[in-house]
Amino acid sequence: MQQPYFFSDYRRQVDEALEKLISQHSDDSKLRAAMRYSSLLGGKRLRPILLLASARALGDVDTRALLTCAVSIECIHAYSLVHDDLPAMDNDALRRGQPTCHIAYNEATAILVGDALQSLAFELLSAESLALSAETKLRLINILSKASGAAGMVLGQAIDLESENKQLSLASLENMHRKKTGALIEASVIMGVTAGFNADKHKQLTQQEHQALINYARCIGLAFQVQDDILDIVSDTQTLGKPQGSDEAKNKSTYPALLGLKGASEKLQMLHDEALASLQVLASRNISQLEQICRFIVSRNQ
Ligand code: GRG
């Protein structure tokens, strides 16, 4: 599937903001170069795009503040990829079609790049210059830290590492992916509406709308991972920008391994349908971009 038309525009804006913020952040040229290498060269910017589209669902928004929030979530994502590729974790040499950070630089630099990107995320959200209320900033920091920490992404990664060479049940696999991959995708949506709302009573979501949006986010978070598992089998290394077949080579539990390719595709379709059905509760809002992101997630080829 072609990327939706608004992806390239959002992506350009996020890249410009990311470039600027990283340049201002570190004056050590090697660390800064490695941070740029790991965050700016390649990548779809799906989480920032989702954050911007979620804020837009509420109506007109201050794009500058939102871009900072979007960059903060991309920093956490980029850090997770750099650390995930380390020899102590997945030990991968290729990411986004180029040598992973510890190969291009060295292991110590890759650890520091991850550390620096993680703290940069929270520095950005807590900055005085960020034009959001103090309450909104605190909420955003809380959402992002919970999603990325020991009850979210880090827990998912820990479960993943412990499960190597083990056959997981479908429920355990789902739990792992909801945390490892899903938590940050869900956070992108919730941060988007939190920043977009920013105490503007006219934009407030009803309880029912909020619940529907959370369900949409949970469905697309899991759908993203199911499609990732399918692509690891049916795609190729050049398109993926990372080694094809690595799940099987590492003997990982995946949706196709547990359900077969057909079963995994059916699961993907179910998640897609449920995500779009949930959005209908928000039909009076600006949900077209969220619908398109859902379609993109299940039909992407990288
Ligand atoms: C090291 C704490 C820690 C966590 C790592 C997210 C993660 C946890 C590991 C990544 C491993 C992996 C490849 C998971 C599959 C799903 C996923 C997150 C793919 C990469 O995300 P994309 O496709 O990447 O959005 P781009 O390059 O487009 O940004």
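**Nonpolar core and pockets of the predicted model**

In this predicted model, the largest nonpolar core comprises 89 residues, among which Leu-213, Tyr-216 and Ile-293 touch the most other members. When neighbours within four places in sequence are left aside, the contacts of Leu-213 are with Val-189, Val-193, Leu-205, Leu-279, Leu-282 and Leu-290.

The largest pocket has a volume of about 1100 Å³, and its lining is made up of 50 residues, of which Leu-81, Asp-84, Arg-95, Asp-228 and Lys-242 lie nearest the centre. Two or more lining residues are given by each of α3 (46–56), α4 (63–84), β1 (94–95), α8 (153–162), α9 (170–197), α10 (207–234), α11 (237–240) and α12 (246–249), with the largest share, seven residues, coming from α4. Divided by class, the lining of the largest pocket contains 21 charged, 16 polar and 13 nonpolar residues.

For the second largest pocket, a volume of about 490 Å³ was computed, and of the 18 residues that line this pocket, Lys-20, Leu-21, Gln-24, Thr-68 and Ser-129 are the closest to its centre. At least two residues of this lining are supplied by each of α1 (6–25), α4 and α6 (107–126), and α1 gives the most, with six residues. The lining of the second largest pocket divides into nine nonpolar, five charged and four polar residues.

Technical notes
Residues numbered from 1 in each chain as written. Predicted model: local features only at pLDDT ≥ 70, side-chain atom pairs only at ≥ 80, totals over all residues. Heavy atoms only, no water. Core = buried A, V, L, I, M, F, W, Y, C linked by side-chain atoms within 4.5 Å. Buried < 20%, exposed > 50% of the residue type's maximum accessible area, 1.4 Å probe, protein only. Contact = heavy atoms within 4.5 Å. 1 Å grid on protein atoms, 1.4 Å probe; cavity = no way out; pocket = protein on both sides within 12 Å on 5 of 7 lines; lining within 4 Å. Points joined across faces, edges and corners; volume = space filled by probe spheres on them. Helix = DSSP H or I, 4+ residues; strand = E, 2+ residues; numbered from the N terminus. Nonpolar A, V, L, I, M, F, W, Y, C, P; charged D, E, K, R; others polar.
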